[in-house]
Amino acid sequence: MRTLRLSKGTGEKMALEIVEGCVNCWACLPLCPNEAIVEAHPHFLIEPSLCSECVEAFATPQCAAICPVEGVIIDELGQALNPPGSLGGIIAGLPAPAANPQVGA
Amino acid sequence: MTIPHLGTPVSASGCSAGSCGSKSAQMDALSADTLKKVQDHPCYSEEAHHHFARMHVAVAPACNIQCNYCNRKYDCSNESRPGVVSEVLTPKQAVKKTLAVAAAIPQMSVLGIAGPGDALANPERTFSVFRELQQRAPDIKLCLSTNGLMLPEYVAQIAAANVDHVTITINCIDPDVGAQIYPWIFWNHRRVMGREAAEILIAQQQKGLEMLVARGILVKVNSVMIPGINDAHLQEVSRVVRAKGAFLHNVMPLISEAEHGTHFGLTGQRGPTPEELQTLQDACAGDMNMMRHCRQCRADAVGMLGEDRGADFTMDKVEAMEIDAQFEQAAMQRRLALREAINAELEAKRNARHAAPVLQFHAPKRGRPVHMAVASSGGGLINQHFGHAKEFLIYEASSAGVRFLGPRKAAQYCGGESDCGEAENTLARTIAVLADCEVVLCSRIGFEPWGKLESAGIMPNGEHAMEPIEEAVTAVWSEMLKAGKLDVAAFEDQKRA
Ligand code: SF4
Ligand code: SF4
């Protein structure tokens with residue numbers, strides 16, 4: 001049975017969130033032990049009622065351990081689990097590089 | 001004068017078949033078992049790639065490592081590089097698409113899963129496609145590509161699925177080199193960074209390679225050549241992987257543009273020049289020649305090698321098709337009949353080559369080698385308009401025969417995008433790509449490019465339209481020889497001038 005956990009201090013439900021900058025790469029989705037991650041547009045989302053932040057299951061949240069983009073998975077305090085620079089700083093969520101090759105045509 | 005093919009017995013006896021640069025001689029040198037496995041594989045056999053088709057289905061989106069030459073952010077529709085696709089398919093869609101393509105293109109003989117992420121980072125999706133196709137189209141060969149990280153864990157499943165070709169991308173066997181290529185991997189439920197990551201990845205790749213070979217599964221190794229990082233190291237990689245039983249080692253150039261947003265693109269890491277690439281391929285020698293026609297297909301490539309008919313089989317078109325068991329059966333029968341006919345033709349050609357008179361000893365040992373570029377849309381013929389060519393096949397003709405060096409991408413018009421340059425600029429870039437060539441063979445060519453090529457020292461030639469490539473290259477070289485253009489001294493003078 002799933003129980004909702006409350007994080008200490010804030011009284012808020014523990015859940016990670018995927019924010020703008022996610023590149024829909026799918027890496028996180030199959031790893032989530034609670035199937036909390038959903039394919040969505042413009043970017044993937046975490047269903048907060050299902051996310052346990054991987055507590056008990058793993059030493060570290062699995063989605064954040066594989067996400068290739070800095071800053072796109074945040075905790076309930078808005079802190080990035082992969083802060084700027086932590087993955088080499090090149091593939092950051094936002095802002096997009098100036099020379100965006102999207103052709104659109 | 002006739003120039004014998006390098007595949008004739010005489011040239012094979014003149015040097016070891018493994019290093020003389022002859023594709024056909026090498027095919028002959030492979031074990032009968034291996035030969036049988038590769039002979040109708042459009043990606044592996046240079047003879048077969050004119051006749052058979054392959055497709056990749058993009059069912060494996062997730063990836064478990066980061067390479068400095070990849071950025072999963074972009075799906076640029078103008079691009080045709082590995083790991084780039086426009087639509088991710090569900091396993092069910094992938095099966096339907098495969099069956100639809102295999103019914104429409106009876107040459108279809110290979111189905112590959114190569115991404116857009118890593119086939120083995122998506123094991124459930126990958127293996128469910130393989131299982132289903134084995135039931136419904138057992139004549140189609142299955143192959144997969146992987147970075148190798150999860151390979152040892154899945155070798156048993158790969159064998160059970162009857163996969164007979166696996167491609168592993170191995171860029172290094174030295175963790176210090178690896179640390180410059182892979183910033184991190186996902187391993188045992190955590191992210192591992194730096195040298196330790198490279199160490200684990202390399203160990204897994206090598207172990208996986210050994211396990212596959214032990215089970216008799218064909219293994220090809222791909223390497224990305226990154227100048228200044230692994231270029232010198234790749235000769236050692238080549239030696240090791242082939243000693244362990246990889247039957248092909250294919251060196252591909254780094255594709256690196258700032259606008260791709262990859263680490264290498266943004267740090268200004270350049271790719272190799274065509275000459276550097278070729279020098280390394282020559283240095284690694286041997287059976288790589290068979291892979292010189294590798295086009296670095298997109299993970300959703302469809303069709304004959306070098307062509308991509310993906311646009312004819314988008315998912316909405318495929319979903320609209322009715323495919324039932326009877327239809328599947330009939331399509332498979334058509335494929336089997338065609339394959340038998342093609343194999344008989346190839347067999348006859350192989351036999352004819354063995355029987356061919358040996359002329360090399362009579363051929364004068366003079367005339368310098370010449371590189372020629374060919375515009376071809378397939379079938380081994382010179383049958384493409386210069387302006388339509390997305391790539392050129394580069395051949396080298398010399399007194400020793402004709403040898404295929406590999407394909408080169410032509411510069412592309414970017415659909416009128418303002419930042420993609422002018423037509424003029426595109427032509428100039430194509431000319432730069434062909435700088436070492438003296439002749440370009442095509443079915444037709446416009447007036448303007450003709451003049452530009454000629455003044456760049458590349459002679460356009462449309463006289464051999466619709467002829468087989470190797471014969472035409474031979475004929476042109478012989479004419480040049482007769483005209484006295486190939487004297488070594490004359491060339492030296494030319495260079496001095
Ligand atoms: S933190 Fe864990 S439970 Fe929450 S979405 Fe990520 S993988 Fe799933
Ligand atoms: S791994 Fe990161 S970038 Fe990829 S889909 Fe998940 S949140 Fe988005």
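Colleague: Helices (H or I, at least four residues) and strands (E, at least two) are DSSP runs, numbered from the N terminus; with that settled, where is Glu35(A) found?

Modeller: In chain A, Glu35(A) is found in the loop that lies between strand E1 (17-18) and strand E2, and E2 itself covers 37-38. Please keep in mind that this is a predicted model, in which local features need pLDDT of at least 70 and side-chain atom pairs 80 or more, while totals for chains, interfaces and linings use all residues. Residues are numbered from 1 along each chain as written, chains are lettered from A and ligands numbered from 1 in written order, and side-chain values use heavy atoms, without hydrogens and water.

Colleague: What is the phi of Glu35(A)?

Modeller: Glu35(A) has a positive phi of about 50 degrees, although Glu35(A) is not a glycine. That deserves a remark because most residues other than glycine have a negative phi.

Colleague: And is Glu35(A) buried or exposed?

Modeller: The relative accessibility of Glu35(A) is 68%, so this residue counts as exposed (over 50%; buried is under 20%, and partly exposed in between, with a 1.4 Å probe and protein chains only).

Colleague: What about His189(B), then?

Modeller: His189(B) is also not a glycine, and its phi is positive at about 70 degrees. The loop that holds His189(B) runs between strand E6 (184-187) and strand E7 (190-193) of chain B, and with 40% relative accessibility His189(B) counts as partly exposed.

Colleague: Back to chain A: which residues does the cis peptide bond join?

Modeller: The cis bond joins His41(A) and Pro42(A), with an omega of about 5 degrees, and Pro42(A) is in the loop between E2 (37-38) and strand E3 (45-46) of chain A.

Colleague: New topic. How many residues of strand E11 of chain B are buried?

Modeller: Five of the five are, so E11(B), residues 370-374, is largely enclosed by the rest of the structure. Val370(B), Met372(B) and Val374(B) point one way from the strand, while His371(B) and Ala373(B) point the other way.

Colleague: Which strands do bridges join to E11(B)?

Modeller: Strands pair if DSSP finds at least two bridges between them. Five bridges join E11(B) to the antiparallel strand E12(B), residues 391-398, where Glu396(B) stands opposite His371(B). Three bridges join E11(B) to the parallel strand E14(B), residues 439-441, and there Val440(B) stands opposite Ala373(B).

Colleague: Last one: which residues are around ligand 2?

Modeller: Counting a residue with a heavy atom within 4 Å, the residues around ligand 2 include Cys22(A), Cys25(A), Cys28(A) and Cys67(A), and also Trp26(A), Phe44(A) and Pro68(A).
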